[in-house]
2 protein chains.
Amino acid sequence: MKRSVFFISDGTGITAEALGNALLTQFEGIEFERNVLPYIDTIEKAQTTAERINKAFITDGQKPIIFDTVVDKEIRSVIRTCNGFPIDIFETFLSPLERELGHQSSYTVGTSHSITEEDTYKSRIDAVHFALDNDDGIRTKNFRDADIILIGVSRCGKTPTCIYMALQYGLCAANYPITEEDMRDGMITLPKFLKENQHKLFGLTINAENLSNIRNERRANSRYSSLAQCEMEVDSVEELFIKEGIPHINSTFFSIEEISARILNITGIERKN
Amino acid sequence: MKRSVFFISDGTGITAEALGNALLTQFEGIEFERNVLPYIDTIEKAQTTAERINKAFITDGQKPIIFDTVVDKEIRSVIRTCNGFPIDIFETFLSPLERELGHQSSYTVGTSHSITEEDTYKSRIDAVHFALDNDDGIRTKNFRDADIILIGVSRCGKTPTCIYMALQYGLCAANYPITEEDMRDGMITLPKFLKENQHKLFGLTINAENLSNIRNERRANSRYSSLAQCEMEVDSVEELFIKEGIPHINSTFFSIEEISARILNITGIERKN
């Protein structure tokens, strides 16, 4: 039995979703049926929305949970006529914040803002392009412009972590895959373009079995994805991290959000937004 | 004069930040000095944090705003001894939600969760890899596996939008840049691999002047970035969108978050997380 949830906004709905999901993920055992309804900006749309919520109430036999960030008071009051359970984060907290800051909020004024801030927006987009242009070691001459360079074996999570750090923090994150080509006599030697930027290096490692599973999805039953090969690569890379004093974490049980937060925490690199 | 803000968590701090920023962005005229303090998971770290907040209070002459999602009650009480203005979203809303859902939250139980959900995590990471592998028309044979294919002139915002839709919605988003090579007699003809997937196409366009500025940052004073060239390309592409009935939006004044939300709203494509 799923519980219906509605995220309602007269804009993109991104803020209502971010706020609501942060609360909902604290309820583990419950399955939620999420409905995101952006651009509810007319009375007609509000009426349709209220009807939809009422239908869910009848079908589920339980009040749908409602997170809304609708600014227009008339539209809100139409939505509030329905049989739902509203969680009103803005109304609850903006008044005390307004008093403390001595300043009216855009929400109160009627020009609610999305969580995107213009001044940091361009740096985030530039960072995404940087991450793509400097992914997977395709280029190494830009490493001097990078804020951080992730290194590790192929498919240990470098690329999505770089993308996330670019989008979320505006950081120019490059990455370089350590392969057998970087090995001599079973030992990895840092290539010159990494050695020159050693203070920017951060290592990702991963459990060999998980790596083998991930690689098998890409190239089944290949040497590349065999457990023996994965173990050999992971061992060599971990040895390198220790030998060269490169800070590193094991990505196996962390999401890219967690890996990124930990990298900032360990390195002390400042976010750009 | 900046107002100090502290986001405090015993985990990554991502939830505290998301909640707090959604509220803070409603205060336009105020500049905030943001301090993200993740992994505050010992009494000692809590004491250091409280001291840091008190220092900010003395320097600023104003109470720092505090958003925290610390689960441990002892750690929280140490932080609460400081001279700050706490906004307690979890405490305020989780109790009513617990009553309504008839279920204790992980927060109450002491195992607070981040906003990352495991079951949708893999699809998001796969989608990021798909977006990268199918960026900028480098491959077209996977277009049949795409949920959506963005088309438009070079540097109109296709790539970061695809990346965002992958990370945020778990959608497999490909993109293809329309260039002069796709033109015959001044008219654009859809290449076969796009024609076959026409129901998945979504167009991005952009004001020619803004495009010219963006391109100039990349290749200054080139034909590629000249206003005349940008106008010609944009005109041809917009003509194509209309002729072929391809839904499209002008990206000039929207963030990638807004573009993505609008694309979902216009096409009705279902997010995968």
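Predicted model: local features only at pLDDT ≥ 70, side-chain atom pairs only at ≥ 80, totals over all residues.

Colleague: What rotation superposes chain B on chain A?

Modeller: A rotation of 180 degrees, with 0.0 Å of shift along its axis and an RMSD of 0.0 Å. The two copies are thus related as by a two-fold rotation axis.

Colleague: Which residue of chain B comes closest to the rotation axis?

Modeller: Leu19(B), with its C-alpha at 2.7 Å.

Colleague: And helix α1 of chain A, how many of its residues are buried?

Modeller: 11 of the 11, residues 14-24, so the helix is largely enclosed by the rest of the structure. Among them are Glu17(A) and Asn21(A).

Colleague: Switching to salt bridges. How many over all chains?

Modeller: The count comes to 35. One of them joins Glu91(A) to Arg76(A), with the closest N and O atoms 3.0 Å apart. Glu91(A) is in helix α4 and Arg76(A) in helix α3, so the pair ties together parts 15 residues apart in sequence.

Colleague: Is Arg76(A) buried or exposed?

Modeller: Buried, at 9% relative accessibility. Glu91(A) is partly exposed, at 42%.

Colleague: Which salt bridge crosses between chains?

Modeller: Lys122(A) with Glu217(B) is one, at 3.3 Å between the closest N and O atoms. The pair runs from helix α6 of chain A to helix α9 of chain B.

Colleague: Where does Arg219(B) lie?

Modeller: In the loop between α9 and α10 of chain B. Arg219(B) also belongs to a patch of positive charge on the surface, with Arg139(A), Lys141(A), Arg144(A) and Arg218(B).

Technical notes:
Residues numbered from 1 in each chain as written. Chains lettered and ligands numbered in written order. Heavy atoms only, no water. Patch = residues over 30% accessible without salt bridge, like charges linked within 9 Å, V, L, I, M, F, W, Y side chains within 5 Å. Areas by Shrake-Rupley, 256 points an atom, 1.4 Å probe, with all protein chains shown as cover. Salt bridge = Lys/Arg side-chain N within 4 Å of Asp/Glu carboxyl O. Lys, Arg positive; Asp, Glu negative; His and termini not counted. Charge placed at Lys NZ, Arg CZ, Asp CG, Glu CD. Helix = DSSP H or I, 4+ residues; strand = E, 2+ residues; numbered from the N terminus. Least-squares fit on C-alpha atoms with pLDDT ≥ 70 in both. Buried < 20%, exposed > 50% of the residue type's maximum accessible area, 1.4 Å probe, protein only.
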